[in-house]
Amino acid sequence: MENILVTGGCGFIGANFIRGILAEDDFQGRIINADSLTYAGNPESLADIAEIYADCYHFVRADICDIKAMENIIREYGIDTICHFAAESHVDRSIAGPDAFIQTNIVGTFRLLELCRKYANQLKRFHHVSTDEVYGSLGAQGLFREDSPYDPSSPYSASKAASDHLVRAYHTTYGIPVTISNCSNNYGPYQFPEKLIPLMILNALEEKSLPVYGQGLNVRDWLYVTDHCRAIRMIMEKGSSGETYNVGGHCEKQNLEVVQTVCDLLDEIKAPETVVRRRELITFVKDRPGHDLRYAIDCSKIERELDWHPAESFESGIRKTLAWYMENTEWVHRVRSGEYLSWIRQHYSA
Ligand code: NAD
Ligand code: DAU
């Protein structure tokens, strides 16, 4: 892997992935980050990286659906590896307006695969970053395995399922060297505060209401983001072409428990002023339509075959995450106020 194209590298997981790979002592390649900078893409999450690694990190504002722009990147930088993160990622937004999800997640992935076909002579690996949501919802028992049937519930998960099928079809039909990872819920630094954990941290710090959907009984399997990024690197380096790997944290928690933990840890760090305990801020609100009850991952394949294991427990990861959001007040302020979008408008014409 010498010239790695990372799509969606200004988002939450992509930015953590780029940070991780550039920090590796033995990394000798180049990272080309292609991101269209939607509301979820924030180049400020990589501002220091762009300076420190100016010789081996390059950013190009480009839409993955724009085949000419993507082809220019693949040709100009001699791309031999693609790690594909770019997506519309938020389930609630997909329910309110699915269009962008179909475009980016399905059409965008299709365009990239077509380019993989055209540049097959130089391409060593296309890694597709996907989600456990493609498998649908579990009841009280069971775990998602790599051979679990697909049964997506939301426009988001249906669009990711479609993209997974395309990736597999391009391997089977055209022999494109692909790998796929289906991962559970990530949390950690640089996550956009529309997702459960950062939203709850920031609202709880400001002693605002904490909206929990339904009764808060839905279960998610939480994984600290750097563990996911390390899994992706290992799959790209050691995973077999055509294979899928499930990635998870062995960390099932009901949403209410997650929010209560955030409240209790923040109470320890900084006593609230308007309530006795932050748990009082929890408000049960209307449930998400089609809300999947439970996700849980069997990640024994990646543990057995690639010797990957999560390094962080929820206890250590959530403390790191709280500390990060409390320390990085400027990043938080610029995201919450929308100032990062003005910066993008100033620096990049649309
Ligand atoms: P994110 O929403 O934080 O970031 C998405 C990035 O993609 C943004 O930088 C955005 O600007 C960019 N992007 C969107 N549309 C684009 C387009 N048309 N062209 C180029 N760039 C575009 O998402 P995330 O949470 O970092 O997720 C990254 C990937 O990981 C997604 O594919 C998602 O499905 C998958 N995933 C996420 C989680 C999770 O818990 N967040 C778990 C499993 C899998
Ligand atoms: O499972 C992997 C998926 O995890 C990824 O593929 C998605 O990109 C990522 O967004 C995430 O999806 P979820 O829908 O699980 O994440 P979200 O943070 O939106 O919600 C987590 C749980 O918390 C879910 O059961 C809904 C609930 N929730 C969420 C929000 C934003 C609330 O109760 N209140 C909220 O305000």
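Me: What kind of model is it, and how is everything numbered?

Reply: This is a predicted model, in which local features need pLDDT of at least 70 and side-chain atom pairs count only at pLDDT 80 or more, while totals for chains, interfaces and linings use all residues. Residues are numbered from 1 along each chain as its sequence is written, chains are lettered from A and ligands numbered from 1 in the order in which they are written, and side-chain values use heavy atoms, with hydrogens and water left out.

Me: Ligand 1 to begin with: which residues come nearest?

Reply: Ile13, Asp35, Ser89, Tyr156 and Lys160 come nearest, out of 28 residues around ligand 1, where a residue counts as near if one of its heavy atoms lies within 4 Å.

Me: And what are the classes in that shell?

Reply: The shell around ligand 1 divides into 13 nonpolar, twelve polar and three charged residues; Ala, Val, Leu, Ile, Met, Phe, Trp, Tyr, Cys and Pro count as nonpolar, Asp, Glu, Lys and Arg as charged, and the others, Gly among them, as polar.

Me: Now ligand 2: which residues make side-chain contacts with its oxygen atoms?

Reply: Tyr156 has a polar side-chain atom 2.6 Å from an oxygen atom of ligand 2, Asn185 has one at 2.7 Å, and for Asn255 the distance from a side-chain N or O atom is 2.9 Å. Taken alone, ligand 2 exposes 690 Å², of which the protein buries 94%. Its shell has ten nonpolar, eight polar and six charged residues.

Me: Asn185 again, where is its bridge partner?

Reply: The bridge partner of Asn185 is Trp222, in β9. Three bridges join β7 to β9 (residues 219-224), and these two strands run parallel; strands pair if DSSP finds at least two bridges between them.

Me: What sheet is that part of, and why are its edges open?

Reply: The open sheet of three strands has the order β7-β9-β11, with mixed pairing. Its edge strands β7 (185-187) and β11 (252-254) have a single partner strand each, so one side of each is left without a neighbour in the sheet. The twist averages 50 degrees from one strand to the next, with angles running from 0 to 180 degrees between N-to-C directions of lines fitted to C-alpha atoms, for helices over the stretch in contact.

Me: What about the other sheet?

Reply: The open sheet of seven strands has the order β3-β2-β1-β4-β5-β6-β10, with parallel pairing. Its edge strands are β3 (57-61) and β10 (244-247).

Definitions and conventions:
A polar contact is a pair of N or O atoms within 3.5 Å; within protein, one must be able to donate a hydrogen and the other to accept it, and residues adjacent in sequence count only if both atoms are side-chain atoms. Accessible areas come from the Shrake-Rupley method with a 1.4 Å probe; for residues, only the protein chains shown count as cover. Helices (H or I, at least four residues) and strands (E, at least two) are DSSP runs, numbered from the N terminus.
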